[in-house]
Amino acid sequence: MTDIAETNAQTLILVVDDNELNRELLIRRLEKRGFATAVASGGGEALDKIRTLPVDLVLLDINMPDMDGIQVLEAVRQTRDAVDLPIIMVSAHDESARIADAINKGANDYITKPIDFLVAMARINTQLSVKRAHKQLKESEERYALAFRGANDGLWDWDLGTGRIYFSDRWREMLGLGADELGDTPQSWFDRVHPGELENLKRAIENHLLGQSDALEFEYRALHKDGDFRWLLTRGVASRGADGQAVRLSGSQTDITRSKVYDPITSIPNKFLFMDRLEWLLDREKRSPMGSFAVFLIKIDRMGELRQSLGPVAGEDILIEMANRLMEGLRDEDTVTLINEAETFTVSRHDEGDFAILAEGCRDETSTPKLAERLHNMIKKPLTLRGENLLLTACIGIVANVGDDGNDAVTVMQHATNALDRARAKGPGNFELFDRDLQERALKRLKMETELRRAVADGGLHVNFQPIVHIDSGKVAGCEALARWTHAEYGQVSPVEFIPLAEESGLIDAIGEWILEEACRQHETWPNKDCIDLSVNLSLKQMQRDGVENRILSILERTGMDPHRLKIEITESIFMEDMGRINAILTTLHAQGIDIAIDDFGTGYSSLAYLNHLPITHLKIDRSFITDVSTDRAAQAIVQSTLLMAQSLGIKVIAEGIETEDQVALLKVLKAEYGQGFHYWRPLTDEDFAALL
Ligand code: C2E
Ligand code: MG
Ligand code: MG
């Protein structure tokens, strides 16, 4: 293949024409010249192909039925300019007005039908060569910019035969050395290398000489004439003789000291320096408090996308511009409204499009959002880059009052990241303050979960018993077992808090079974156990586990408890489950003599149909109805109708949460049989309950 044909083969021309004959004719001739081709028979298809294929040039018919060539042209030009995607219009010979229109709208050129292929080829080639030249120019600009930033290296060249090394002036200057202040042997180099890295450097060189690495690349510290160490990066490649033996080793050396503490792109402090300063400030706060400060973590939105579309050099330019804006914006006295004289900012660059700022004078939660607004304003000022107008935004995560709670630098940055993540979740251009409460709640939960696990194992749980009485006589008929957790730090933790925690962490099975077994064991010790019923709560999660009925029955067996004295309390949420399965479990339990109570009746699932179909023996009317029963007619009506319905179904009712004499009086009138509540007794310890009996 000739050179031209080779270039053509990589060039994709899209032919758009509604006439098949025209299409075929053009395609055949283009392919003869070695071009890759694609076709579209209408405007919509053309736009699709332009979007999805790497099309280099379009031959676009002006007259097409569905969407004419000019409309297609206009649509393409919204996103692709004439250099990026040349478009040559194909028209009838008497259409000068439309051709003029097309050229005004961004067509590069035109050819007329019937097509003179020689003319067409000349026009196509002109457009393609303009495009290629432009692309090369752009690439060389990128290369030049990158090369320019990488210049300034020192050079070295080691002749392995003579054992002498040539060091360039720049190499020596990096260490502050004049021409006669450095020998020409490897030893004079190694003498200046920090002992911490010397052995590894020698090993890296040896490995490369032995052919075990493609190139030498090593970072190390070397002694500068001023007595300090500098960080250097040395790179080298061996030249080898015909036998593969290395004969010389040469390479470059770069001073990377700044990049160890300064960001090489923006020249502002990098993450290490930032963390250093943060640690120092936290330390100072601990020793002699000067007031808290704030940390801002900034992430430029869509940075990856911008880098992709504009190229890496433009990406770096954006970072440099942002660094400048932040530095200058924070220095600018006119806009300083909240900042006192002691205000100091450390602006630093972290990863990708991330910047972090230490605002030492930002002492409270009201000044931080104001500063965030200012930062947003600095960032979103229009930016012109290589002729493109960009509008940038950023998300900001803020930690206020840093230094108040004794957190270390890593934790502070985790908090900042956490806030930034929440800001980003809201969308571009948002900021969020780190929420200590939110974090604390999450941490407390995690801690509690661990401790609950331990409590289950170490006997930190116990059971209380709340008497259930005959309302008429006031005599104790039974009790409800209620779980209690005494925590060393938080004291009594409510089951309302720890039962859900146990459900989430999977501890509920162990806890539920322990409580049932413990309650049954206690029940066995009571003098008049044969006329005292025991209610135990069973969580939905426990019911969902296979074999729950067998585990309950085996506990009864182990403890010797009479199943006829046991009542299982379940809530209405159970009826959202697989009813066939629930029915089977309850039926098995009931067949052994165990009663089934619906707890908190009236607060959940509203269908009453299940009362008929399941072996339900008791309803516990929820406390919320009882609380209002003596004052609110609606509550009274609900209690009354529940009692009536239960009575007709042969189900017994327990009124929960009775607190006053008035409630008792009314429940007596309504003929409620059983009651439970603080008016009678609060939940009692096992000893107190046994004593009561
Ligand atoms: P519940 O089963 O409805 O238990 C009744 C709750 O109401 C108990 O709260 C009890 O102390 C409280 N109470 C009783 N009488 C009164 C009163 O007159 N006034 C007021 N204001 N409250 C009264 P507790 O012990 O905090 O338990 C709360 C919930 O935690 C229970 O509600 C139950 O759903 C759950 N729970 C308790 N122990 C266990 C258990 O061992 N397993 C399971 N799965 N859940 C349990
Ligand atoms: Mg209950
Ligand atoms: Mg209840």
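Trainee: Which residues coordinate the magnesium ion (ligand 3)?

Mentor: This is a predicted model, in which local features need pLDDT of at least 70 and side-chain atom pairs count only at pLDDT 80 or more, while totals for chains, interfaces and linings use all residues. Residues are numbered from 1 along each chain as its sequence is written, chains are lettered from A and ligands numbered from 1 in the order in which they are written, and side-chain values use heavy atoms, without hydrogens and water. Donors are N, O and S atoms within 2.8 Å of the metal (3.2 Å for Na, K and Ca), and sites may look incomplete because water is not among the atoms. At 2.0 to 2.6 Å, the ion is coordinated by Asp 599 (OD), Asp 600 (OD), Glu 656 (OE) and Glu 656 (OE).

Trainee: How many residues apart in sequence are the parts that Asp 600 and Glu 656 tie together?

Mentor: Along the chain, the donors follow the spacing D-D-x55-E. Strands are DSSP runs (E, at least two residues), numbered from the N terminus. Asp 600 lies in strand β23 (residues 595-601) and Glu 656 in strand β25 (residues 652-656), so the pair ties together parts whose separation in sequence is 56 residues.

Trainee: Is Glu 656 buried or exposed?

Mentor: Buried means under 20% relative accessible area, exposed over 50%, and partly exposed in between (1.4 Å probe, protein chains only). Asp 600, at 27%, is partly exposed. Glu 656 has a relative accessible area of 11%, and is therefore buried.

Trainee: Which residue bridges the magnesium ion (ligand 3) and the magnesium ion (ligand 2)?

Mentor: The two ions lie 4.1 Å apart. The residue that bridges them is Asp 599.

Notes:
Helix = DSSP H or I, 4+ residues; strand = E, 2+ residues; numbered from the N terminus.
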